[in-house]
Amino acid sequence: MPERTGLPTPARLGLVAATAQADLARLGWAGSDSAGLLWSLSRAANPDSALRLLGRLADALDETEGESWAELGEALVKDTTLRGRLFGVLGASPALGDHLVAHPSRWRLLRRTDGVDAAGKRKPEPLPTQEALAAELFAILDKPGLDAHSLDAHSLDAHSLDTHRDERVVQAELRGAYRDWQLRLASWDLAATVEDEPVLPFDDVTAHLSDMADATLTAALEFAKRKIVPQEEQAPRIAVVAMGKHGARELNYVSDVDVVFVAEPAGQVSDRIASELMRVCSYVSFVVDAGLRPEGRHGALTRTLESHLKYYTTWAKMWEFQALLKARPAVGDLALGERWFAEINPLVWKAAEHEDFVDEVRTMRRRVEESVPEPLRDREIKLGRGSLRDVEFAVQLLQLVHGGSDESLRVRATGDALAALAAGGYVGRDDAANLTASYEFLRLLEHRLQLRRMQRTHTLPEDSDEEQMRWLARAAHLRPDGEHDALGVLRETLRKERHRVLRLHSKFFYQPLLDAVSRRTTLGLSEEGAVRQLRALGYARPEAAFTHLKALTAGHRRANQIQGLLLPTLLDWLGETPDPDAGLLAYRKISEAFADHPWYLRTLRDETAAAKRLMQVLGSSAYVPELLLRAPEVLRLYADSADGPRLLERTPELVATSLVASAAKHRDAAAAIAAARSVRRYELARVASADLLGLLPLPEICRALSSIRVAVIEAALAAVTGASLEPGQEPPAKLAVIGMGRLGGGELGYGSDADLMFVCEPCPGEDEHQALKWATGIVERLRSGLEAPSPDPPLHVDVDLRPEGKGGPLVSTLAAYARYYEHRAQPWEAQALLRAHQVAGDQELGVRFLHLIDPVRYPPGGIGEEAEREIRRIKVRVDTERLPRGADPNTHTKLGRGGLTDVEWAVQLIQLRHAGSKPSLHNTSTLQTLDAIEAEGLLAAEDVAQLREAWLTATNARNALVLVKGKPADQLPGPGPVLAAVAYAAGWEDWEDSGAFLDHYLRVTRRAHNVVVRVLEGQAG
């Protein structure tokens, strides 16, 4: 890591202890030449702890003959490898720090021993082999006599002239050697958290810990034999079979070591040797647990090979075969151990033939889950939710199910097994890689937790204990990511990794394939098993879901067979959505409706992207499934083309042209409008699907929805106009349709009405009264055709923005509009006209209307003070009177504080003030007008950004409400399943945390509301 110059203060180093300055002075680190050391110290997991231990180590060195702090201090300046290892271990493990203080000369164990200089230090240093470790312990066993009473307080290396060797001395030396190994390995493992040192691969750490255990067991077995068996007698042959993590060579820093003893002959002597081995190891290094032996703790400690074989062929339970997956002949008589393995291992791979195999394994898993107290389940990374045991159980279950016929799965380590399962096609390669990464991350945290006190633990600190959580984050080498500090990164990573484990574990553990491969009497799951599976995958009503599955798969048609192949994967994808129950019901309806479409199941079978997207949509929306039932061809668009998702291939302009052309083929107005509705249905399904899948940005969604609405109006107007005329007859008047509100701004949402005004102009020679009568009839038939009852989303037309509102004429001439706006227009009408835009009918007439109203909506010199007061008064009325009874003003997306209306009123008031002199503000789009306001400098960039974000957030949330509920809605619900579904539909990444989504909405709209208030009060804009 690059060095920084300048002497930092203790606070900058993260040192908060009151004694920090004095401790630094004691070490001689007060000058500028110590800056590099101090910055390195600051990177330790706990700099204060590391500094305290350094001070104690310095004192211990100066008090030990032949040692001095000066030597170590000088070495730390020159040797960054030593620095990284020492600071790393002292900051992460006070327990190993205490060991080093008690034996200060051991600091030399942390130096490189391979002679590689600084330029080549990137290459990892070789770890000692198991043979080398065992030789070190045997040297202690074979050392000349020692007397325990001759040992001083600081050294186990003192010698006595007494030739008698006290076994307590031997055990103390063995214990010191083992703790030295732990210190050395931990320092190498932690060095990269402090300095730019090679990261020790996780598999190398666990393998070396297993080598340490093997070496210790070898020495302990020899110690026990020497103690129990007289020299003139022959000791029994004993093989120690490693089980569990030790057998798989994936041990923790602090872990019980599970073993099984095989002896020839087996009896009192072999039991005494095994018992002594266990006693010695428990003092020297670790607890040896023989509880996995036949009959458990009630069985004989040692057995012959024949006794083992008889037990496993006659009495063994399912969990015992699962435990044997990791069995490995480790130490002792390896020939005997290999014979035991050759006889016993084939029995493991026949376990899946047992009738109740799957149920027994699942029951065992539930018992493990229930053994963890509820308050600890979210903190337990070994046995809790989304834990290491989740991964191990899922992997072992698949190994047992498939390993009988596929010998490539007969591996011990979890990582190796995942790789083999992926290679064999039993799990997806991405799933295996993701689960391996999650597993190794959780194991890393487990290691760091154990290193702190060198105690066997798997429990995370309380989330509220920020000091301990921050220490864990730094010890795990997690660094700030620009958005979170190290603690925030830990919390976020933990949440994601445990969620990923839970999701993938459900996928592995409840695959319907398991029961079939386990030779169930029926091909499918039993109802009870299916209900369990569905509940695990997130189905709140698993019994109803099971009914849907029976309907989909029952029968002998090819479609039923294909469904049986598809459903395991489809169910898993549905389980990742907010409402898998509704999604499965919708899938059943669609499958039954499309039973006669041969392309339907073929698309789902052959196009993985299409199938997954369909599940994502069905499990999150009540709006889209109903559209798909009446627009099946949209499902073809769920697949990808060479250029990307086919859902994005159609542009709004192309759709509009297609719709108008499709309607024009019909002379009957009702048929033409029905054709237009059909194209609109298709387009709504396409746009909403792309929206839910995160393929379209919000402004493009609004533009597409506005474009399709305009096209429907255009097609329907042409249809009713043509139907009112005889062949060859010319219309008596021109008719233009003016879009208002969000339609005029091109910013419609799924639940928006179409605000319209109608302008008429009699053709030359036509009576004005008759022309108006004809035009009014056209508009009435247009409204009636558009608003006719239909299963499709409504096409409501709102004409209340016309002059005199509901009491005014439905259609007026251009001259009438001119007279009205010149003499009678109210301030709110000038405001409404800001979004007026010609959308259908006679374009020339529509443009003339827009020119007519420009002086009204863009008043030269700006709006007057009296008119502005009137607008503010109306805004107060809107806020107090139009909000529905019982609505929450904080979370009403349309009329709430900082919602759509709030932002739009602020923008429109700025337009009324300045558009007369600034043509760039002549725009009907809220977003584009905000851009112009910022460019003109009328509002601070920060204020504009807050208004823009609030408008986008509220529009997105409002659209999501419609997508989820299937009908127009404006009010966000409180935290719960519905809000989580809205968050999912709105594209919120962590949608299950609906409270965070709501907090974000409230924060954004609150800031925007403050800007709106300042604009309305004339303090801004």
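## A cluster of rings

Tyr817, Tyr820, Tyr821 and Phe849 come together as one aromatic cluster. Keep in mind that this is a predicted model, where local features need pLDDT of at least 70, side-chain atom pairs count only at pLDDT 80 or more, and totals for chains, interfaces and linings use all residues. Residues are numbered from 1 along each chain as its sequence is written, and side-chain values use heavy atoms, with hydrogens and water left out.

## Rings in pairs

Rings of Phe, Tyr and Trp (its six-membered ring) pair if their centres lie within 6.5 Å; planes under 30 degrees apart are stacked, over 60 edge-to-face, and the rest tilted. That rule gives 15 aromatic pairs. One of them is tilted: tyrosine 312 with phenylalanine 321, 6.3 Å centre to centre and with 50° between the planes. Tyrosine 312 is buried, at 4% relative accessible area, and phenylalanine 321 is buried too, at 9%. (Buried means under 20% relative accessible area, exposed over 50%, partly exposed in between, using a 1.4 Å probe and protein chains only.)

Tryptophan 988 and phenylalanine 997 make an edge-to-face pair, with 5.7 Å between centres and 70° between planes. Here tryptophan 988 is partly exposed at 25%, while phenylalanine 997 is buried at 6%.

## Charges over rings

A charge sits over a ring if NZ of Lys or CZ of Arg is within 6 Å of the ring centre and within 35 degrees of the ring normal. Arginine 175 does this with tyrosine 283, at 5.1 Å from the ring centre. Arginine 452 lies over the face of tryptophan 471, 4.7 Å from the ring centre.
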